[in-house]
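Please keep the structure open while reading.

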Amino acid sequence: MKKIISLVSFVCFVNFVFAQQVTMYPTNWFVGMKLNKVQVLLRSTDPGFSKAKFEVKYPGVTLTKTHSFTNGKYVALDLTIAPTAKAGNVKISATNAGKVSVYEWPLLNRREGNGTKFAQGVRSEDAVYLLMPDRFSNADKTNDAFKDMRDTVANASDILLRHGGDLKGVENHLNYIKELGMTSIWMCPIIENDMPQSKEAAGWMSGYHGYWFTDHYKVDKRFGGNEAYKSLSDAMHKNGLKLIQDAVYNHVGDKHWMHEDAPALDWINQWNSYTGSTHREETVYSNNGSAIDKKKMLDGWFVPHLPDVNQRNPYVSNYLVQHAIWTTETFGVDGWRVDTYKYCDEAFMNRVNDALMLEYPKLTIFGETVSRSVTGTAYFTRNTMDVPFKHNVEGVTDFPVYYSFLDAVNQPFSWDNGLSKLYVTLSQDILYKNPLNNSIFLDNHDNNRFLSMVGEDYNKFKMGIGLLYTTRGIPQLYYGTEILMKNFMNPSDAMVRLNFPGGFPGDAVNKFEASGRNAKENDAFNFVKTIANFRKGSPALTKGTTTMFVPKDGYFVYFRKADNQTIMCVVNSNDKAQDVQFSDYAELTNDFKGGKEVVTGYQVGTKFSIPAKQMWIIELNK
Ligand SMILES: [Ca+2]
Ligand SMILES: [Ca+2]
């Protein structure tokens, strides 16, 4: 929020003041928050700004300390907000060489419904739909591009550039997402990315994906700005959908003031010459690793145009913590996904998570950790391991399960391969405090689309969907998977981020509607919809225990069980039918006479044959 200087009436008797702009972060705060010691960063265009003497006069608000930086444009004010403080505009006066300037910093009433209408948390009872706002639906052509931004182009025919999708476009399709059985939407970041295009191997690329922040307190106006985000959040909550926001604490775009005009150099991790991250999470937890490798992992830059934020700097830490809370309160966020989790300072991550969980006890957070190993995944979340540093985040992206899903459906069965991979991976759940909090998935915006990964084999595709909605964790579906969108990340990851057909003006077909989908696409859509909606009402699949039996002869049987519901999951990866009998699984099947397959409605008895390359999800009955 930019405020042009406002002069109180007596100023005209003192000196003329040159107009200067002052921006305050956070742009406002709220009354009645647990976090009531707020460090407000004031950023001026005047290099002598920090020489001023600052005073705050407002009932219940006390200025306890003023901090200045090597860059004279900045000051930080420590404000304590008493529980008795009322909403209103806090007046902050700055007196500099006899000139008095007054800035207004709003204290707002809190959003209603902490834990009930927002900050509800996203748990294993939920099903998440991941989408990229620029690529989902364009409801407003007038906000596609702006002349006053560094990248002035929107061009839906170039996969590397902005396409014009926006938050109103998402709001217009909530019914579609709901019908599919989803309960939550995670969008790639919506914060302003006022960055120029960047030269990548595949060509000039824009920040359409949202991971290049330039102003934390603005939702990108090409997505519709803060108001469109509030509107979407309200509409989602009215529809019973929860909102997951994508946070990036690790880096900012190089046009962010934190890099271009920082209060002090130590806001960004500096190196004598460009030093990239090692990208090896092992360096963070290994007791056999070298100190320099760990430092490079954590403080090295992700890529050259994304400066690495120094979260050990207490001012930076305060700035990021306050922003996370401000965002949750302002927009009504229910859960956070944290990008590049393993690249962040560990103590900082625990601090920001603690602050969020203290303010919003039901809120949930999961971190992105790309790792092939369960150890390297469990380390970055609550775990049972005896390690010197314990992470406090509830959930994590479960990449070991993701890789195992792919191997389970793609590889021929053996002791080590195919379904054995999934069995072995899930057996390591002992390392997690609660694996139900893990985010599980078949694909996402950074990986090849699932249909392509299974060689466009529709049977394998359906087995994958079955695994996704019956394995412990929080299933996440990537937009378009349900209508058989495909592609590899070649020549660019933009290939797996193509427009949702029907979301953009002039699209020849509209796959948001059954009439716009072909028979196979409708079959896939209905398959996902049936399983996801069944899961929604299934205590066993959402929160139940898992019991696995050793996979053999190319098939795998596991059970989910809770609240008197038992679900038998049978995966046959063979090219031939497989006989299955309850008596082999007596500890789970003894009380039952048969069951009903949840997609097809087939009734099975205590002995049945499952066709080649199929997964059956059977609710057992007496
Ligand atoms: Ca638009
Ligand atoms: Ca870092």
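**Strands and helix contacts**

Strand β15, residues 215-219, is mostly covered, with four of its five residues buried. Buried stands for under 20% relative accessible area, exposed for over 50%, and partly exposed for what lies in between, using a 1.4 Å probe and protein chains only. The model is predicted: local features need pLDDT of at least 70, side-chain atom pairs count only at pLDDT 80 or more, and totals for chains, interfaces and linings use all residues. Residues are numbered from 1 along each chain as its sequence is written, chains are lettered from A and ligands numbered from 1 in the order in which they are written, and side-chain values use heavy atoms, leaving out hydrogens and water.

Helices (H or I, at least four residues) and strands (E, at least two) are DSSP runs numbered from the N terminus. Two strands pair if DSSP finds at least two bridges between them. Strand β12 (residues 191-192) pairs with β15 in the antiparallel sense over two bridges. Here Glu192 stands opposite Asp215 of β15.

An open sheet is formed by eight strands with parallel pairing, in the order β19-β18-β17-β16-β11-β10-β21-β20. Its edge strands, β19 (395-396) and β20 (439-441), each pair on one side only. Within the sheet, β11 (residues 184-187) and β16 (residues 242-247) run parallel and are joined by three bridges. Ile185 has Leu243 in β16 as its bridge partner.

Two packed helices are described by the angle between their axes and the distance between the axes. Axes are lines fitted to C-alpha atoms, for helices over the stretch in contact, and angles run from 0 to 180 degrees between N-to-C directions. The axes of helix α11 (residues 399-410) and helix α12 (residues 419-427) come within 7 Å and cross at roughly 160°. The two helices are therefore roughly antiparallel, a term for angles over 145 degrees. Contact (heavy atoms within 4.5 Å) involves residues including Phe405 and Ala408 of α11 and Leu422 and Leu426 of α12. The residues of this contact divide into seven nonpolar, two polar and two charged. Ala, Val, Leu, Ile, Met, Phe, Trp, Tyr, Cys and Pro count as nonpolar, Asp, Glu, Lys and Arg as charged, and the others, Gly among them, as polar.

For helix α8 (residues 314-331) and helix α9 (residues 346-359), the axes come within 10 Å and cross at roughly 35°. Among the contact residues are Leu320 and Val321 of α8 and Phe348 and Val352 of α9. By class, the contact of α8 with α9 has nine nonpolar, three polar and two charged residues.

How values were computed. Parallel < 35°, antiparallel > 145°, perpendicular 65-115°, else oblique.
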